[in-house]
Amino acid sequence: MSNRAFNFCAGPAALPEAVLQRAQAELLDWQGKGLSVMEMSHRSEDYMAIAAQAEQDLRDLMAIPSNYKVLFLQGGASQQFAEIALNLLPEGATADYIDTGIWSQKAIAEGNRYGHINVAATAKPYDYLAIPGQNEWNLTPGAAYVHYASNETIGGLQFDWVPQAGDVPLVVDMSSDILSRPVDVSQFGLIYAGAQKNIGPSGLVVVIVREDLLGQARSACPTMLNYKIAADNGSMYNTPATYSWYLSGLVFQWLKEQGGVAAMEQRNRAKKDRLYNFIDASSFYSNPISLNARSWMNVPFRLADERLDKAFLAGADARGLLNLKGHRSVGGMRASIYNALDLDAIEALVGYMTEFEKENA
Ligand SMILES: *Cc1c(COP(=O)(O)O)cnc(C)c1O
């Protein structure tokens with residue numbers, strides 16, 4: 001019997017229970033080989049097969065075209081903020097960035113250390129409650145790339161459209177919504193995602209990069225941050241995060257068993273509809289994000305009286321509804337409802353919210 005709580009943490013986030021059970025079953029003795037995946041040489045035939053299978057499963061799930069490399073790197077999504085500029089922004093060139101919240105701002109700040117960054121659009125005039133339409137963007141002709149975050153994990157702001165950048169490569173931080181619904185990979189030059197939201201354990205970052213963008217790194221780019229060197233070495237220039245890679249592979253297999261990303265879209269749509277509909281119907285709870293920019297993955301909400309926040313969180317904890325406290329920069333509550341959480345988690349949360357409103361409204 002499992003005693004698992006519903007974990008609404010923004011990251012590191014809940015993993016599918018079936019994946020954890022499989023990892024547990026294989027922990028001491030992987031497939032009769034008498035050792036743990038954690039103890040294998042990354043160059044061994046067994047580990048190479050684990051790594052290759054994980055990549056293939058991700059390729060299948062996202063229908064990644066063959067002219068894209070899939071890299072399993074370290075340093076999380078934050079390392080990519082510098083890595084992207086070091087690889088894709090030649091000295092003297094300009095890159096366009098879209099500011100829709102804290103993660104895009106961190107990418108902008110890091111990009112600024114390496115070259116000229118043009119903030120082509122910002123959600124600031126909308127108090128970060130809406131995403132400026134592309135007709136309001138000031139893109140630079142001939143920019144090295146356009147960078148945006150498809151889902152702002154902290155603010156709960158998500159693109160429900162893909163920007164059009166013409167011949168300029170589109171670079172997207174998909175850390176918190178990768179694999180949550182189908183995307184057309186061919187629209188992007190580079191997709192990156194820290195693993196700990198919708199993929200696997202933290203520390204790992206998955207990079208999906210179009211081949212023609214490789215080989216342009218600055219000479220000052222550290223070897224370990226060079227995409228081409230990573231690609232040429234199968235993400236094993238040094239010892240990769242072997243166990244995180246393996247565990248991510250188990251998540252990919254689980255996703256395939258669930259029906260893939262299209263099935264996840266249906267499930268995630270039902271989950272977010274249930275929660276937003278409940279919040280909108282209530283006069284006690286609220287979510288301020290404009291309707292077409294509401295995140296499917298991170299749902300921030302407020303109570304009518306913030307003096308009740310503490311009691312709300314304590315009651316939630318007592319019922320095994322964990323990590324609902326909003327980010328310190330936003331306040332209020334946030335429910336992160338990634339792939340690993342099913343509709344029953346939303347029902348449990350809505351049930352508690354209903355009860356708490358009755359008692360406190
Ligand atoms: C979590 C997150 C990051 C940072 O990820 P790390 O792996 O901690 O560096 C960056 N961007 C987005 C959109 C995130 O959700």
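Which side chain does D46 meet in a salt bridge? The side chain of D46 meets that of K33, with 3.1 Å from N to O; a salt bridge here is a side-chain nitrogen of Lys or Arg within 4 Å of a carboxyl oxygen of Asp or Glu. The structure is a predicted model, in which local features need pLDDT of at least 70 and side-chain atom pairs count only at pLDDT 80 or more, while totals for chains, interfaces and linings use all residues. Residues are numbered from 1 along each chain as its sequence is written, and side-chain values use heavy atoms, with hydrogens and water left out.

Helices (H or I, at least four residues) and strands (E, at least two) are DSSP runs, numbered from the N terminus. Both partners are partly exposed: D46 has 24% relative accessibility, and K33 has 46%. In this classification, buried means under 20% relative accessible area, exposed means over 50%, and partly exposed lies in between (1.4 Å probe, protein chains only).

Side chains of opposite charge can pair when their charged atoms come close. By the cut-off already stated, the model holds 17 salt bridges. One of them joins D60 and K256, whose closest N and O atoms are 2.7 Å apart. This pair links distant parts of the chain, since D60 is in helix α2 and K256 in helix α6 (residues 242-257), 196 residues apart. D60 is partly exposed at 40% relative accessible area, and K256 is likewise partly exposed at 34%. A network of salt bridges connects D57, D60 and K256.

A further salt bridge is formed by R319 and E355, with 2.6 Å between the closest N and O atoms. R319 lies in the loop between α8 (309-318) and β13 (321-322), and E355 in helix α9 (residues 343-360), so the pair ties together parts that are 36 residues apart in sequence. R319 has a relative accessible area of 44% and is partly exposed; E355, at 33%, is also partly exposed.

The ligand site comes next.

A polar backbone atom of A77 is 3.1 Å from a ligand oxygen. A side-chain N or O atom of Q196 is 2.9 Å from a ligand oxygen, and for the side chain of K197 the distance is 2.6 Å. The protein covers 87% of the 390 Å² of accessible area that the ligand has on its own. Such areas come from the Shrake-Rupley method with a 1.4 Å probe; for residues, only the protein chains shown count as cover.

T153 is buried, at 4% relative accessibility. The C-alpha atoms of T153 and G101 are separated by 8.7 Å, although these residues are 52 apart along the chain.

N198 lies in the loop between β9 (190-194) and β10 (204-210), and at 5% relative accessibility N198 is buried. A polar atom of its side chain lies 3.0 Å from the backbone oxygen of I178. The N198 side chain also reaches the backbone nitrogen of N339 at 3.0 Å.

The backbone has some features to note. Most residues other than glycine have a negative phi, and most peptide bonds are trans. The peptide bond from G11 to P12 is cis, with omega near -10°, and P12 is in the loop between β1 (6-7) and α1. A63, which is not a glycine, has a positive phi of about 50°. A63 lies in the loop between α2 and β2 (68-74) and is exposed, with a relative accessible area of 56%.

Conventions. Polar contact = N/O pair within 3.5 Å; in protein donor to acceptor, adjacent residues only side chain to side chain.
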